[in-house]
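Colleague: I would like to learn how to read a structure feature by feature. Please take the general idea first and then the case at hand.

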Amino acid sequence: MGKRKDPIHLIFRKIKSNIFFFGLVLLFSFSFCATGISQQNETIQRPIIKPDSLSKEESTQIKVDTSKSDFIRQIQAIGAGEFARGLDKFESRKIYLRQHELISNLKSENFKLKGMLNKGVGQQQIREKLNEFQQLLPVVLEGISTNAIELQTDRNVAVSAAIFREMLDELMEEKTRVDLFASSFRHSLYRIDSIYAEKDLYLFPPDSLQTRQYAFLLVELNKELQPVEDSVKTFSSKLDSLQTSINALVFELNNHLESLEQLRKNLNGTNFEHEIPTDPNHPFFSRSLSEAISFSFLKEKYALTFYLKLREGRMFVLLLLVLVAWIFLANLKKRTENLHEIDDHDDSKVVLKSPFLSAIVIVLGFFQFFFINPPFIFYWLIWLIASIALTMIFIGYLNRFWMTFWIFTVLVFLISGGTNMLLLPTATERYLILGLSLFGILFLIFTILKNQTNQLKEKKILYFIYLMGLFEFISLMLNVTGRFNLAKSFLLAGYIGIVIGILLLWTVRLVNQGLSIATKIYHNQERELFFINFEKLGNKAPGIFYTFLIVGWGILVGKNFYRFTQISESITEFLTADRTIGSYQFTINGLFVFLIILFVSVLISRLLSLFSAEPEAINSAEQRKRVSFGSWLLLVQIFVISLGLFLAFAASGIPLDKITIILGALSVGIGLGLQGLVNNLVSGLIIAFENTVKVGDLIEVEGKPGIMKSIGFRSSVVNMFEGSTAVIPNGELISKQMINWTTGKGRKLSLVVGVAYGTDLEFAVSLLKEVIAGDLRIRSAPVPRVVPLEFSESSIVLEITFWLVNYMDYPFVKGEIISKVDLTFKANGIRIPFPQRDLYLKTVPEELNAGPSQNDAQNENQG
């Protein structure tokens, strides 16, 4: 047995060095194992035989079997040892890779954490803002008392609440930013701690050299991480403290807002009661107007500053729109002056009197509705700027009476707006309100008595004048009976109602004038007018604009009354209340948002058509490369509507997985009855992508030529040369034979002319070539050709063939070439024969002139 170990050892050395021998040995060992197992089974089945009874041959066979079993056991033992060593090596390698992965992740998280520590969250600036807000709290709350005896103005409570609301909005932005930063910071710390808690990080290899290297790596890693760990402790405590301070101030502001809203509710609940104090020593009588102005100026300044700080983006858009409108109107005025169509006394061109002022009035008139819940001083400034701009436009346009009326209206509006911004009540303010109300009533009476309505440019202004008088009369009655706050609300509503009404009416009037002038002057799209297609836009603002402006006027005037605010809040609560149908939770406001976004996306896709030109014929490849926006309009519209659909689902809170239900329903609809619609839509996409035809291409459908006007969702529109407009489904446009003349060589024109026999053909051909040579309407390539075609009965036929540059020139060129050929041939003595026949008469024999023979006569009688 001992002698057999050396060869086995040599075999395994060969196994390690040569995989081929290792495979052979495995096969050999498997064969031995199989033999041993079979022999073992035979041994179990055979009866037990004693050694003494065995013969010599049988004894030799047993020794061989024993040798084979020892060999197999040795092979198996060696294999088990190699497997154990391989497993240890695999586990060591796995731990090695895991350790380096952990170290890499640790360094990465440390780098991120170090970046957050260096960047910070602006703690110093936020602390300063918190301190500023804390100092502003008593200033904002000044003049507000829960004492029922103290006379307070609704405006003071409203402005204080507005300041707190704007402070809260600004603070919530900072809170969101800090919370996100803190969450990222803490998650990074968590990931670092989770790496430190990994057991594999602390397993050292059995090899001393490797252990030394790994220990050195951990020491270096600790040196790299230690500075960050030291900074984290301090930074983390400061971050926690900052979040606590922000949350505390947010809580305090919310408490103040709730208190002010309750106070305003109580105050307006008693505004029909007598509010003017009866005690002559009350501060209402002793407080000076200057004191009230200085106090109010400070609060109104804070309200405006905070509001503008949060709406810097919208203010930038406002200025940008004014600039765009100014450029548009300035170019419109320049083109009108070049055409000598400017008339200072033309009522239809007032918009061009001062493009900059008109741009201010138009943009402020519409864009003011995009500012949600601003303080009154913001609206007051917008109306003031627009009123001044409109006043300068009116100079030299309105007659003396109505110009005076407008100036006095603006002045009284400014005074009443300034009165509305007085937050501390005084006796002087009461008498000022009383005087302004009385002035409004007398002003109305004076206007009616003057009877100058026939010279009024906008007749609808009369409604606002009458409404102003009614509001001022109500204000006067309320003031006399001691209803101070309500009288102040009606005073302002009357004056801002007439000013806003006039501003909005003139906004629409100026827009209509601009559109009317542009439609008359610009028949093609130009860069100066932002490539707008005025033929599609029209010469008048849509009627829905008037509806929006009327609703907007009602909202702006209604904001002066607390009852209107309560109604709007009740509507808002109703719209935002959560409702449940089955497992789906929704709000009515979310559904409105869904519909509004869809409506806006469809509206935008429609408005995009305003930038697509009314197509003219494209006759060359260069013109086709500069094709208008209309050729890509379908793709852009589909993109806008698809984007709007997904945004509508996301904004309204409808789960996006509900789209699969809709798509499933649509698939059923497509399978049942929408094949044609889908076919046309897909065909339109194919036309747009394959670029086989573009807007403006000269095409021919079923033998009828026309110009491609537009490619829509379902159908394409073609302006036929015969004068009609054909609406062709996109599917039919692809399936039928359509000829595109724009992408071809041009229109081929062939003419034939006959010359008399005996004519010099070479001379005639040269004359015909001279006729068509030099005509710019004829292409030089392919080269025009003139060739003799055939011998006809009365002439030799010559064929003239050439290609036209412009398809539209076909009938004109053909007629001119025929005329030139006729004149040229006449001048050079070449005759163009016409079909003719020669008749030759011969002498008739006398027998043919005789009557019928007797036999013929007999035959006729028998017949």
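Colleague: Which helices do the buried residues of α13 pack against?

Modeller: This is a predicted model. In it, the buried residues of α13 pack against α7 (283-286), α12 (400-420), α14 (461-480) and α15. Those buried residues are Ala427, Glu429, Arg430, Ile433, Leu436, Ser437, Gly440, Ile441, Phe443, Leu444 and Thr447.

Colleague: What span should helix α13 have, and how far apart are its end C-alpha atoms?

Modeller: Helix α13 covers residues 427-450, and at 1.5 Å a residue its 24 residues should span 34 Å. The end C-alpha atoms of α13 are 35 Å apart, which agrees. After α13 comes Asn451, with a positive phi near 55 degrees.

Colleague: Is Asn373 buried or exposed?

Modeller: The cut-off for exposed is over 50% relative accessible area. Asn373 has 60% relative accessibility, so it counts as exposed.

Colleague: Which residues have the most contacts inside the largest nonpolar core?

Modeller: The general idea is that in soluble globular proteins, nonpolar side chains tend to be buried together. Here the largest nonpolar core has 88 residues, and those with the most contacts inside it are Trp383, Leu390, Phe394, Ile465, Ile498 and Trp506. Helix α15 (residues 484-521) gives the most to this core, namely 24 residues. Another core, of 52 residues, lies apart from it and includes Leu137, Leu168, Phe185 and Leu423.

Colleague: What is Ile465 in contact with, leaving aside its neighbours within four places in sequence?

Modeller: Ile465 is in contact with Trp402, Phe405, Leu444 and Ile498 once those neighbours are left aside.

Colleague: Which residues of α26 are buried, and where do they fall around its axis?

Modeller: Val813, Ile817, Val821, Thr824 and Phe825 are the buried residues of α26. Seen down the axis of α26, they fall within an arc of 90 degrees, so they line one face of the helix. The face turned away from that buried side carries the exposed residues Phe812, Leu823, Lys826 and Ala827. Cover for the buried residues of α26 includes β8 (747-755), α25 (761-772) and β10 (796-804).

Colleague: What does the length check give for helix α26?

Modeller: Helix α26 (residues 810-827) has 18 residues, and at 1.5 Å a residue they should span 26 Å. Its end C-alpha atoms are 26 Å apart, which agrees. Just after α26, Gly829 takes a positive phi of about 70 degrees.

Colleague: Why is strand β5 described as largely enclosed?

Modeller: Strand β5 (residues 715-720) has six residues and five of them are buried, so it is largely enclosed by the rest of the structure. Strand β4 (residues 704-711) pairs with β5 in the antiparallel sense over five bridges. Strand β6 (residues 725-729) also pairs with β5 in the antiparallel sense, over five bridges. Asn719 in β5 is the bridge partner of Ile707, and Asn719 stands opposite Thr725 in β6.

Colleague: How many helices and strands are there in the chain?

Modeller: The chain has 28 helices and ten strands. Of its 863 residues, 40% are buried.

Technical notes
Residues numbered from 1 in each chain as written. Predicted model: local features only at pLDDT ≥ 70, side-chain atom pairs only at ≥ 80, totals over all residues. Heavy atoms only, no water. Core = buried A, V, L, I, M, F, W, Y, C linked by side-chain atoms within 4.5 Å. Buried < 20%, exposed > 50% of the residue type's maximum accessible area, 1.4 Å probe, protein only. Helix = DSSP H or I, 4+ residues; strand = E, 2+ residues; numbered from the N terminus. Contact = heavy atoms within 4.5 Å. Expected span 1.5 Å × (residues − 1). Arc of directions from axis to C-beta. Pairing = 2+ DSSP bridges.
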